[in-house]
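Look at the sequence and the structure shown here. The notes after it are grouped by topic.

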Amino acid sequence: MMENVKIRIKDLNLYFGKQHILKNINVEIPEKKITVIMGPSGCGKTTLMKSLNRLTDLNPDARLSGSIFIDGEDILHTSEDITKIRKMMGLLAQRPYPLPMNIYNNIAYGLRISGRKNKRFLDRRIEHYLRQVNLWDEVKDRLRDPAGALSIGQQQRLCLARGLAVDPEIILADEPTSALDPISSQTIEEKFLELKSNYTIVLVTHILRQAKRIADHVVFMYLGEVVEQGTAREIFENPREDKTKSYLKGLFY
Amino acid sequence: MDRLKKIEEGFFRVLMFCSTVLIAITLFLIIFSILYKGLPSISWEMISQVPKGGFYFGKEGGILNAIVGSLYLSFGSTFLAAIFGLPLALFMNVHLIRHKKLVNGIRYVLDLLWGVPSIVYGAFGFAIMVYLGIRASLLAGIITVTLFIIPIMVRSIDEVLKPVPRGLLEASLSLGSTRSETSYRVFFKQTLPGIITAVMLSFGRAIGDAASILFTAGYTDYIPTSLHQQTATLPLSIFFQLSSPIPEVQQRAYASALVLIFIILVISILSRLLTRKYQRNQINF
Amino acid sequence: MSKVSLTRAVRFKRIQVSRHLRDKMNSAWMLFTMVIVVVMPLILLIGLYLKSAMLLNQHSIFHLLFSKEWKPLSGEFGFFPFIVSSVWVTVVALLISAPVCLLTSIHLTQYAKKWVLSIMHPVIDMLAGIPSVIFGVWGILVIVPAIGNYVAPFFGKTVSGYSILAGAIVLSIMIIPFILNILIEIFKTIPVELSEASLSLGASKWQTIKFVLVKKAFPGIVSAFGLGMSRAFGETIAVLMVVGNVTQIPTGVFQPGYPLPALIANNYGEMLSVPLYDSALMLAALILFVVVLVFNFASRLLIVRYERHF
């Protein structure tokens with residue numbers, strides 16, 4: 001039914017202590033498309049996204065079972081180094097979290113971690129990625145300023161550039177526009193539409209209109225379960241489940 | 001390259017674990033060595049009698065004067081500090097709720113005062129005593145220790161009151177109660193377990209401190225019967241007995257140290273028990 | 001009928017009046033306590049200054065701070081040996097406790113399992129609650145003989161063990177719970193998303209701690225150490241019991257020293273019988289107070305600034 005599946009989640013269950021957060025999740029995420037995970041708050045969207053790059057490991061109470069295949073390899077049961085898996089996926093959080101260093105080093109950080117320390121190379125890459133998120137002209141004269149001094153919208157774009165700089169294949173975005181003003185939000189959305197020709201994008205959002213604007217594929221979640229998934233057209237124009245229908249009508253958030 | 005990084009992380013993880021264990025071991029070492037030295041020389045006589053003639057040469061008697069003196073001193077100063085500290089902490093969190101800057105300023109001052117070494121309070125207390133022409137006495141000791149523990153008590157109670165939601169204050173005021181009624185009937189009751197713990201903490205500090213009472217409380221072999229008499233205290237009795245060259249007297253210092261640790265331990269257990277008992281009145285948010 | 005309601009109204013009014021009177025009185029007392037506490041540092045400062053003014057009128061403060069002569073009977077009060085001893089003890093204590101606190105706080109906030117926390121929480125609390133005289137007793141029982149019999153001979157020295165090092169070790173243990181609690185608090189306030197950001201860029205957990213968390217917490221770490229130092233600077237009884245109390249300028253950790261608080265505590269007995277002696281000891285207390293105040297002030301300023309950045 002789908003030509004290229006990038007991520008396949010199979011029978012995924014997640015518990016925090018005794019709480020059952022994710023229940024039997026089976027999802028397929030297509031390559032080089034924007035997949036939107038939506039649903040009311042507290043339904044487990046963010047947790048599902050964080051289990052994709054195993055940030056759930058940070059919580060000592062979290063227990064995962066099932067499988068997540070990325071390019072056919074199960075990242076929950078792999079001998080591969082976890083840092084390599086995470087590097088494959090760029091993360092954009094709800095609020096921008098610039099690293100406590102200057103603008104230049106925010107982007108250089110990921111490159112240096114993976115052993116690229118040549119100054120000329122770094123300069124080139126940093127300019128390239130800052131241009132890609134339309135930030136270069138705004139910050140080129142103050143690359144040594146602390147990243148915290150930028151506006152929130154600029155910080156979020158910096159975080160996107162930072163994520164792109166380590167050359168990921170997948171971009172995970174967790175309500176990336178929820179703290180931004182409308183214009184910055186629009187810039188981010190436009191960037192996503194550009195980026196999807198090269199990256200697989202997974203976007204968590206509870207903004208229905210945002211989902212309609214940019215989604216190719218939609219996963220609808222409710223109380224830790226996947227209610228329905230399919231192409232954007234199927235879900236928005238012809239939802240099968242009652243819950244999806246009432247959510248789309250705006251009966252609950 | 002990657003292996004080097006793994007070795008580095010492993011090395012530091014071991015180091016971090018070791019330093020954590022080191023802290024725990026040090027505590028047990030301290031308690032163990034005091035027990036080891038103190039247990040053989042403790043006796044009923046030690047804790048039930050005041051020093052008799054020749055006590056400081058290793059003859060008969062006990063340290064009841066110091067135990068009772070310390071309790072008098074700590075109860076007195078904790079009581080005074082509570083009369084002073086509880087209203088202030090409530091004032092900061094109820095009356096001044098809209099003056100955030102002022103409250104933070106007071107907190108800053110209190111933290112500064114908390115950081116002032118107890119010997120400075122002792123010296124200050126002594127200066128005042130000389131100025132007023134008072135001699136070292138239980139009262140002077142109580143006042144000095146009170147000064148010393150007020151910041152501790154206010155800041156600890158303040159930390160307990162801080163997280164009480166603003167809604168509770170608004171609800172109480174909108175029912176027509178005055179602000180001090182809100183303070184004592186609502187905030188005080190709601191946070192009683194925490195406040196008790198804070199008071200106990202201050203009591204522990206009061207009974208354990210030696211430097212502030214060195215000049216102000218004096219030392220005597222008798223149990224004081226009025227506020228104007230000098231009083232012995234446990235920390236000082238440990239200190240004095242340990243400076244003696246006579247082994248029997250040194251042995252008693254270890255036993256006295258054991259008594260002091262025991263009292264501190266009882267306070268900490270008691271405050272935990274009381275906290276549990278009063279938990280019932282508390283609304284959980 | 002009307003009479004009943006009248007008395008009820010009167011009674012109600014009376015209750016109202018007494019309630020508001022009580023409110024006024026309570027509030028007045030609260031205000032009073034606040035004023036007292038706010039002016040307290042000033043009162044301490046003035047009180048100690050008035051008592052030490054007699055000495056300050058006779059000698060310049062510069063002379064007092066840097067003179068090496070301490071002969072109270074002939075009116076010579078040079079604080080230099082005591083100040084140097086205090087600095088030695090404090091700095092060595094910090095050098096011991098700083099790495100231990102930093103490593104432990106990272107372990108407890110980033111790696112430790114729940115059961116480790118459930119042990120370490122009461123351990124830190126108890127360590128903080130032990131009276132300083134007990135630390136002194138323990139120092140005499142364990143640290144002093146250990147230095148005299150093992151550590152110093154290892155370095156080829158023959159000493160009694162009562163030394164700067166003994167004072168510093170005892171002090172370092174006393175300030176560990178204090179510094180540790182601040183550090184744990186600081187590491188806890190760093191949002192987990194910052195670690196997530198670093199991890200998702202391919203950094204390992206240790207790299208994240210080293211390059212991101214410690215960097216983010218840096219101002220807080222510095223001020224925690226500053227507060228720890230000021231705490232160590234004023235600690236009296238425990239240090240006094242193990243440091244040796246010899247009036248000299250120490251040049252190594254195995255030598256005895258005589259820090260400022262010990263000077264005050266040891267000589268209160270004679271201070272009224274020698275002219276100006278009491279004034280000198282009050283000046284020592286004043287120096288302690290000012291140093292501690294400055295350290296506290298600077299560290300807390302740093303911490304407040306740092307909290308504002310979040």
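Leaving aside neighbours within four places in sequence, Ala123(B) is in contact with Leu48(C), Ile264(C), Leu281(C), Met282(C) and Ala285(C); two residues are in contact if their C-beta atoms, placed from the backbone, lie within 7 Å. This is a predicted model, in which local features need pLDDT of at least 70, side-chain atom pairs count only at pLDDT 80 or more, and totals for chains, interfaces and linings use all residues. Residues are numbered from 1 along each chain as its sequence is written, while chains are lettered from A and ligands numbered from 1 in the order in which they are written.

**The nonpolar core**

- Ala123(B) is one of the residues that touch the most other members of the largest nonpolar core, which has 245 residues. A nonpolar core is a set of buried Ala, Val, Leu, Ile, Met, Phe, Trp, Tyr and Cys residues joined through C-beta atoms within 7 Å.
- A residue is buried if 20 or more other C-beta atoms lie within 10 Å of its own, exposed if 12 or fewer, and partly exposed in between, with C-beta atoms placed from the backbone.
- Helices (H or I, at least four residues) and strands (E, at least two) are DSSP runs, numbered from the N terminus.
- In soluble globular proteins, nonpolar side chains tend to be buried together.

**Chain B against chain C**

- The contact between these chains involves 65 residues of chain B and 65 residues of chain C.
- Several helices of chain B give two or more residues to the side that touches chain C, among them helix 1 (2–38), helix 3 (64–95) and helix 11 (247–278).
- Helix 1 of chain B provides the largest share of that side, 19 residues.
- By class, the side of chain B that touches chain C has 44 nonpolar, 12 polar and 9 charged residues. Ala, Val, Leu, Ile, Met, Phe, Trp, Tyr, Cys and Pro count as nonpolar, Asp, Glu, Lys and Arg as charged, and the others, Gly among them, as polar.

**Chain C against chain A**

- Here 20 residues of chain C meet 22 residues of chain A.
- Helix 7 (192–200) and helix 8 (205–234) of chain C each supply at least two residues of the side of chain C that touches chain A.
- The largest share of that side, 9 residues, comes from helix 7 of chain C.
- The side of chain C that touches chain A divides into 8 nonpolar, 7 polar and 5 charged residues.

**Domains of chains B and C**

- Chain B is divided into domain 1 (2–41) and domain 2 (47–281), with bounds from an automatic or database domain assignment.
- The centres of these two domains of chain B, taken over C-alpha atoms, are 32 Å apart.
- Domain 1 of chain B gives 7 residues to the contact, and domain 2 of chain B gives 7 residues.
- In chain C, the assignment gives domain 1 (2–58) and domain 2 (65–308).
- Their centres, taken over C-alpha atoms, are separated by 38 Å.
- In chain C, 9 residues of domain 1 are in contact with 9 residues of domain 2.
- The side of domain 1 of chain C that touches domain 2 of chain C has 7 nonpolar, 1 polar and 1 charged residues.

**Chain A as a whole**

- Chain A contains 10 helices and 10 strands.
- Its C-alpha trace spans about 55 × 40 × 35 Å along its principal axes.
- Chain A has a radius of gyration of 18 Å, which agrees with the value near 18 Å for a compact globule of 253 residues. This radius is taken over C-alpha atoms, and the globule rule is 2.2 Å times the number of residues to the power 0.38.
- Of the 253 residues of chain A, 44% count as buried.

**A sheet in chain A**

- An open sheet of 4 strands in chain A has the order 2-1-4-5, with antiparallel pairing. Two strands pair if DSSP finds at least two bridges between them.
- Strand 2 (19–30) and strand 5 (73–74) of chain A are the edge strands, each pairing on one side only.
- Strand 1 (residues 5–16) and strand 4 of chain A pair over 8 bridges, and Tyr15(A) stands opposite Arg63(A) in strand 4.
- Strand 4 (residues 62–70) of chain A is joined to strand 5 of chain A by 2 bridges.
- In strand 5 of chain A, Asp74(A) is the bridge partner of Phe69(A), and Glu73(A) is the bridge partner of Ile70(A).
- The hairpin of strand 4 and strand 5 of chain A has 2 residues between the strands, and Asp71(A) there takes a positive phi near 50 degrees.
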